[in-house]
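Me: I am seeing this structure for the first time, and I would like to understand the words used for it. Could you take me through them?

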Amino acid sequence: MIKLIITDLDGTFLNSQGDYDRALFAKTWANMLSRGVHFAACTGKQCERVEELFGEFSKDIWIVGDSATRIKHNGNFAFQSLIDNATGRAIINTLEEVSSSHVIIACTPEGAIVRSDVPQHLKDKVRRSYARMIETVDFGRVDSDFVKITVFDEEGNCPQTRPHLSPFEEDVYIVVSEASWIDIAGYGVHKGSTVQKLQEILNVSPEETMAFGDGYNDLELLAQAEYSFAMRNAFDEVKHAARFITGTNDESAVMDTINRLLVLQS
């Protein structure tokens with residue numbers, strides 16, 4: 001019996017334009033609701049950005065957001081992990097020394113902080129994932145602890161940047177989700193560990209969980225679900241880790257799969 005359905009967003013639930021079939025979701029939502037199934041979005045996006053995306057439905061959706069450093073439901077945080085300010089600033093200093101071309105997104109409870117000299121087209125890219133964006137001339141002025149630190153490199157050099165972060169591996173969790181993205185969260189905090197917390201909150205087992213993903217940062221997520229699905233557009237390693245493969249994100253395959261399988265457990 002499936003009681004919890006969790007999906008990654010970019011490359012999985014969302015199409016190539018960063019959107020989804022809202023009429024189909026309304027139908028899918030009603031389908032899940034009628035069967036008492038919880039729905040969760042598990043994503044690197046800021047929780048508040050997820051709330052924007054799902055609109056009226058967002059108050060009832062479980063949001064495992066900000067690269068799984070937070071669980072939010074009905075406007076309240078059920079879980080939050082922070083990187084202490086000193087460690088976060090040391091990581092940012094290292095990233096600034098490595099390259100001046102990538103974008104550092106330093107997320108605090110107040111919002112996603114980027115340097116004011118970042119080109120506008122890259123700020124627009126950041127805005128697609130973060131509802132609350134703050135500009136600064138110097139990350140050294142940030143005195144809050146960090147929810148997470150993310151790097152976006154439009155040239156796809158994140159695999160080359162990753163080795164420079166090795167000195168911090170005992171303090172934080174670092175994942176290159178794809179060539180253009182690095183996510184840095186608290187030590188031991190990733191989609192798998194936070195989904196496990198959500199399962200505990202909801203008293204749901206992995207055997208009662210369905211999950212969808214496409215990227216390397218979804219591997220731990222899929223491991224927490226008996227019904228694990230990789231998208232057809234997923235990386236090969238993700239396909240090998242999942243029990244099943246479904247269609248692509250541009251085919252609304254997540255919602256199609258949900259509707260098909262829930263019928264079977266009527």
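Reply: Gladly! Let's begin with burial: a residue is buried under 20% relative accessible area, exposed over 50%, and partly exposed in between, using a 1.4 Å probe and protein chains only. The model is predicted, so local features need pLDDT of at least 70 and side-chain atom pairs pLDDT 80 or more, while totals for chains, interfaces and linings use all residues. Residues are numbered from 1 along each chain as its sequence is written, and side-chain values use heavy atoms, leaving out hydrogens and water.

Me: Why is D218 called buried?

Reply: Its relative accessibility is 0%, which is under the 20% limit, so D218 counts as buried. K191 has 4%, so K191 is buried by that rule too.

Me: How many salt bridges are there by this rule?

Reply: The count comes to 20. Among them is R70 with D66, at 3.8 Å from N to O. R70 is buried at 3% relative accessible area, and D66 is buried at 2%. R115 and D117 form another, at 3.2 Å. There R115 has 26%, which makes it partly exposed, whereas D117 reaches 54% and counts as exposed.

Me: What makes the strands β6 and β7 a pair?

Reply: Strands pair if DSSP finds at least two bridges between them. β6 (residues 103-108) and β7 (residues 111-115) have 3 bridges and run antiparallel, so they meet the rule. C107 has A112 as its bridge partner in β7, and A106 has I113. A hairpin of 2 residues joins β6 to β7. β6 is also joined to β9 by 5 bridges, again antiparallel, with I104 opposite V151 in β9.

Me: Why is β6 called largely enclosed by the rest of the structure?

Reply: Because 6 of the 6 residues of β6 are buried. In a regular strand the side chains alternate between the two faces of the sheet. In β6, V103, I105 and C107 are on one side and I104, A106 and T108 on the other, and they are all buried.

Me: In what order do the strands of the open sheet of 6 strands come?

Reply: The order is β8-β7-β6-β9-β11-β10, with mixed pairing. The edge strands, pairing on one side only, are β8 (133-136) and β10 (172-178). Helix α3 (residues 85-98) lies across β6, β7, β9 (148-152), β10 and β11 (181-186), at about 10° to β9. Such angles run from 0 to 180 degrees between N-to-C directions, with axes fitted to C-alpha atoms, for helices over the stretch in contact. Contact means heavy atoms within 4.5 Å.

Me: Which residues touch the most other members of the largest nonpolar core?

Reply: A nonpolar core is a set of buried Ala, Val, Leu, Ile, Met, Phe, Trp, Tyr and Cys residues joined through side-chain atoms within 4.5 Å. The largest has 49 residues, and I5, F13, F25, M32, F39, F54 and I258 touch the most other members. Helix α9 (residues 253-264) gives the most to this core, with 5 residues. Apart from it lies another core, of 20 residues, including A106, V151, F168 and I184.

Me: Which residues do ring pairs link into a cluster?

Reply: Phe, Tyr and Trp rings (for Trp, the six-membered one) pair if their centres lie within 6.5 Å; planes under 30 degrees apart are stacked, over 60 edge-to-face, and the rest tilted. The structure holds 16 aromatic pairs, and ring pairs link F13, Y20, F25, W29, F39, F54 and F57 into a cluster.

Definitions and conventions: Helix = DSSP H or I, 4+ residues; strand = E, 2+ residues; numbered from the N terminus. Salt bridge = Lys/Arg side-chain N within 4 Å of Asp/Glu carboxyl O.
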